[in-house]
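Dear colleague,

I am handing over the structure we spoke about, and below it you will find my notes on what turned up. Please read them with the coordinates open beside you.

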2 protein chains.
Amino acid sequence: MSKKRSDCPISCSLEIWGDKWSLLIIRDLMLKKECTYGEFLKADEKIATNILATRLQNLLDNGIIDKKDHPDNKLKILYFLTQKGIDLIPVIVEINLWGDQYLTIPDDRKKLLEEIKKDKEAFIKRAKAYLSSKK
Amino acid sequence: MSKKRSDCPISCSLEIWGDKWSLLIIRDLMLKKECTYGEFLKADEKIATNILATRLQNLLDNGIIDKKDHPDNKLKILYFLTQKGIDLIPVIVEINLWGDQYLTIPDDRKKLLEEIKKDKEAFIKRAKAYLSSKK
DNA sequence: CTGTATCCTTAGGGATACTG
DNA sequence: CAGTATCCCTAAGGATACAG
């Protein structure tokens, strides 16, 4: 994505997925496990198609996501998280928990947050298992 | 910082501190507890002074950091994390742990990472207590 | 030392049309 | 449906000078 500024793991991580869109793509894949191009476009934040294409390519290049043909419809392509992407779930979870303290949480996310708050480690373990499973 | 794209806590969080520099400022304040303007400028990533000024202002506006006069030298100003900023430590910690799996960690950070990996919750608790303490 | 100000360049992004 | 391509604009960023 951008050139290397330092050896700091925070800085290097941000250079891979630290823009305003990549983590939203990862969020979609965490919530829905598999997404088509069109499903990303339909997300609330309304990403532009050219931006989406560059971000998906960057995440593919960095091994965070992968893609495959849709089992039923060969015209559709499904994006999904690799293990490297799945391992970003704890980051997403912690951002959610911070947001729970300092932002207004929409109703359709409250259930998820309750689950996370009840037992964070168990939630992450379950989510990782779910996202790693085939089908 | 930018206009609101959606109600998603991830999206809203990113709009506050999801640029390429804010988390590095927060990282510096987590590692050193208090920093002067000049100390931020000296960080490896070499942030430009105009960018630094806008980011500090944004973090001040959003209540993530605060500032005060240096106790010894009234010409110096010290920036530090508020509780809202301190509560971002788990996010930083998880990014570090992800980086530990997938990036090359420089020697001067390995000790910190060992501490985190030994007992994450204890590390966070200690860090929060340290950053909350006066002096 | 802590910022502002300015200039200039580049990257990110919105809108929309279009192709296999 | 899954992208490419184009145009155009704005925000982000680097360099540097300078002011209180």
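Which atom of DNA strand D lies 2.9 Å from a backbone N or O atom of Gly38(A)? It is a phosphate oxygen of DNA strand D. Please keep in mind throughout that this is a predicted model.

**The surface near DNA strand D**

DNA strand D is surrounded by 16 residues, and the closest of them are Thr36(A), Gly38(A), Tyr79(A), Asn50(B) and Arg55(B). Of the atoms of DNA strand D that come within 4 Å of the protein, 61% belong to sugar and phosphate. A phosphate oxygen of DNA strand D is also reached from chain B, where a polar side-chain atom of Arg55(B) lies 2.7 Å from it.

The largest share, four residues, comes from α4(B). By residue class, the surface near DNA strand D is made up of seven nonpolar, six polar and three charged residues.

**Salt bridges**

Over all chains, the count comes to 26 salt bridges. In chain B, the side chains of Asp19(B) and Arg55(B) meet in one of them, at 2.5 Å from N to O. Asp19(B) lies in the loop between α1 and α2 (22-32) of chain B, whereas Arg55(B) lies in helix α4 of chain B, so this pair ties together parts that are 36 residues apart in sequence. Both partners are buried, Asp19(B) with a relative accessible area of 8% and Arg55(B) with one of 16%.

A second pair in chain B is Arg27(B) and Glu45(B), whose side chains meet in a salt bridge at 2.8 Å from N to O. Because Arg27(B) lies in helix α2 of chain B and Glu45(B) in the loop between α3 (37-42) and α4 of chain B, the pair ties together parts that are 18 residues apart in sequence. Arg27(B) counts as buried at 4% relative accessibility, and Glu45(B) is buried with a relative accessible area of 8%. In chain A, Arg27(A), Asp28(A) and Glu45(A) are linked in a network of salt bridges.

Among the buried residues are Leu23(B), Ile26(B), Arg27(B) and Met30(B). Just after α2(B), Lys33(B) takes a positive phi of about 70°.

In soluble globular proteins, nonpolar side chains tend to be buried together. Here the largest nonpolar core has 78 residues, and those with the most contacts inside it are Trp17, Ile26 and Ile64 of chain A and Trp17, Ile26 and Ile64 of chain B. Leaving aside its neighbours within four places in sequence, Ile26(B) is in contact with Trp17(B), Leu59(B), Ile64(B), Leu81(B), Leu88(B) and Ile92(B).

With best wishes

How values were computed: Residues are numbered from 1 along each chain as its sequence is written. Chains are lettered from A and ligands numbered from 1 in the order in which they are written. This is a predicted model: local features need pLDDT of at least 70, side-chain atom pairs count only at pLDDT 80 or more; totals for chains, interfaces and linings use all residues. Side-chain values use heavy atoms; hydrogens and water are left out. A nonpolar core is a set of buried Ala, Val, Leu, Ile, Met, Phe, Trp, Tyr and Cys residues joined through side-chain atoms within 4.5 Å. Buried means under 20% relative accessible area, exposed over 50%, partly exposed in between (1.4 Å probe, protein chains only). Contact means heavy atoms within 4.5 Å. A residue is near a molecule or strand if one of its heavy atoms lies within 4 Å of it. A polar contact is a pair of N or O atoms within 3.5 Å; within protein, one must be able to donate a hydrogen and the other to accept it, and residues adjacent in sequence count only if both atoms are side-chain atoms. Helices (H or I, at least four residues) and strands (E, at least two) are DSSP runs, numbered from the N terminus. Ala, Val, Leu, Ile, Met, Phe, Trp, Tyr, Cys and Pro count as nonpolar, Asp, Glu, Lys and Arg as charged, and the others, Gly among them, as polar. A salt bridge is a side-chain nitrogen of Lys or Arg within 4 Å of a carboxyl oxygen of Asp or Glu.
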